Amino acid sequence: MSQATEAGPATARPARLPPATEQGALGWLRKNLFSSWGNTITTLVIVALMAWFAVWFVDWAVLNAVFTAESGQECVGKHGACWAIIGAKFRYIFFGSFPYEQHWRPLFAILTMLAMLVLSCDRRMWSAGRLAIIWGVGSVITFLLMLGEIHIPVTLIFVVALIAGLAGYTYRRRVAENAERLAYIALAAIGGLYLILRILGVVPAVAIPIALFSYVETGSWGGLAVTMILATYGLAFAFPYGILLALGRRSNLPLIRGLCIGFIELIRGVPLISLLIMASVMLPLFLPSGTSIDKFLRAQVAVILFAGAYIAEIVRGGLQALPKGQFEAADAMGLNYVQRTALIVLPQALRVVIPPLINTFIGFFKDTSLVLIIGIFDFLKTASQALVDPLWTGFPGEIYLFAAAVYFCFCFSMSRYSKYLERELNKGTQR
């Protein structure tokens with residue numbers, strides 16, 4: 001008995017590692033791909049098909065492909081892809097009918113928008129002031145490059161001053177010093193006074209002209225620049241507008257709630273194509289004689305309205321997912337509605353709905369191709385128009401594969417950023 005006591009319990013066994021075939025890569029393969037005869041056969045068949053397709057695709061797209069040619073006739077009879085069409089039509093695909101000698105302008109406009117998006121994705125830039133500077137400066141540069149000249153209405157400047165003053169005072173009045181509160185009040189008062197005088201007709205409409213390049217009308221725009229402008233600014237305006245719709249739909253005021261519900265259901269109940277046709281064909285019929293609105297701007301507004309209605313429902317789902325205790329805690333701290341919504345409610349609600357939001361962004365980035373219905377040449381349309389040239393007819397596969405690769409780069413980047421953002425914002429809730 002003493003020996004058994006000294007040696008420990010008779011039932012004790014030393015811990016052993018699982019078999020090598022059940023851990024690591026080999027274990028994963030055995031568990032997920034070769035767990036039964038049926039799974040094994042299915043895996044082998046799929047791997048064989050993928051290997052055959054990979055060999056064929058490399059042979060077609062790389063080994064036997066034609067990368068340089070003067071016309072499509074040099075690719076006829078070849079067994080590979082005719083990538084020479086991409087090199088010959090590269091400028092038209094990306095820049096459309098924009099004046100040939102001015103193609104550097106849409107190129108730098110695209111780079112400017114990409115820089116705006118990359119900086120906006122940096123969490124260190126997530127402050128109202130920094131984002132306002134990034135998007136304000138970037139937007140002026142973008143449209144100055146695309147249009148050649150822009151006219152900034154003075155009324156717009158005072159509207160921004162009024163909104164900034166009211167928002168700053170509402171958001172900071174309980175924590176700011178007297179000088180800061182007075183600055184917000186003065187800013188809102190100046191903006192409001194100017195708008196009143198403008199409405200009464202005392203102050204004339206004045207615009208600040210900035211003209212650095214030759215003017216290019218929106219009808220000559222095309223290619224990737226059009227797709228990026230429609231998607232970037234469409235979603236940039238639709239996001240806050242969708243949040244307001246979601247908050248309005250949850251309002252306790254019956255009139256506001258009813259208007260928001262009616263608007264959301266109306267917009268979500270019709271396809272985007274119908275809104276684009278309405279904006280392009282029907283809207284001019286209701287305008288006074290001699291009044292016209294740019295077709296590109298009408299398409300942009302239609303995209304904003306449509307995207308905002310879908311974003312509103314996604315945000316509403318996030319608001320409903322929050323526990324009631326979060327609202328009660330904010331009220332107990334003495335926060336007003338704006339502070340409670342901006343500091344407590346929206347950050348948590350938006351964190352919950354990051355995946356569906358990014359999914360909506362990706363969908364609307366691709367849906368910009370629908371503007372071809374009203375005669376606006378986006379990236380996909382200019383790519384397909386490259387096949388109209390008699391010298392390069394007969395190679396749609398190469399064109400659409402190239403367009404698909406460009407769309408994939410943008411959509412995959414948004415998807416990966418979504419996963420990164422979801423992981424970073426949920427660190428505090430992980431166990």
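**Notes on the helices and aromatic contacts**

1. Leu372 sits in the loop between α16 and α17 (379-385). Helices here are DSSP runs (H or I, at least four residues), numbered from the N terminus. Leu372 counts as partly exposed at 34% relative accessibility; the cut-offs are buried under 20% relative accessible area, exposed over 50%, and partly exposed in between, with a 1.4 Å probe and protein chains only. Leu276 is 96 residues from Leu372 in sequence, yet their C-alpha atoms are 9.7 Å apart in space.

2. Ground rules before going on. This is a predicted model, so local features need pLDDT of at least 70 and side-chain atom pairs count only at pLDDT 80 or more, while totals for chains, interfaces and linings use all residues. Residues are numbered from 1 along each chain as its sequence is written, and side-chain values use heavy atoms, with hydrogens and water left out.

3. Helix α10 (residues 224-249) has 26 residues and reaches 36 Å from its first C-alpha to its last, close to the expected 38 Å; the expected span is 1.5 Å times one less than the number of residues. There is a bend of about 25° at Phe239, and a proline, Pro240, follows within four residues. The bend is the angle between axes fitted to the seven residues ending at a residue and the seven starting there. Since 21 of the 26 residues of α10 are buried, the helix is largely enclosed by the rest of the structure.

4. α10 turns up again around helix α16 (residues 354-367). The end C-alpha atoms of α16 are 20 Å apart, which agrees with the 20 Å that its 14 residues should span. Its buried residues are Ile354, Leu357, Ile358, Thr360, Phe361, Ile362, Phe364 and Phe365. What covers them includes α10, α13 (295-321), α15 (337-352) and α18 (396-425).

5. Now the rings. The structure holds 25 aromatic pairs; rings of Phe, Tyr and Trp (its six-membered ring) pair if their centres lie within 6.5 Å, with planes under 30 degrees apart counted as stacked, over 60 as edge-to-face and the rest as tilted. One of them is Trp104 with Phe108, edge-to-face at 6.3 Å centre to centre and 75° between the planes. These two are four residues apart in helix α6 (residues 104-121), so about one helical turn separates them. Trp104 is partly exposed at 37% relative accessibility, and Phe108 is partly exposed at 43%.

6. Phe306 and Phe364 also make an edge-to-face pair, because their centres are 5.7 Å apart and their planes are at 75°. This pair links distant parts of the chain, with Phe306 in helix α13 and Phe364 in helix α16, 58 residues apart. Both Phe306 and Phe364 are buried. Elsewhere, Phe90, Phe94, Phe95, Phe365, Phe379, Phe402, Tyr407 and Phe410 form one aromatic cluster.

7. Two charges over rings are worth a look. The charged end of Arg268 sits over the ring of Tyr310, 4.9 Å from its centre. The criterion is NZ of Lys or CZ of Arg within 6 Å of the ring centre and within 35 degrees of the ring normal.

Key:
Contact means heavy atoms within 4.5 Å.
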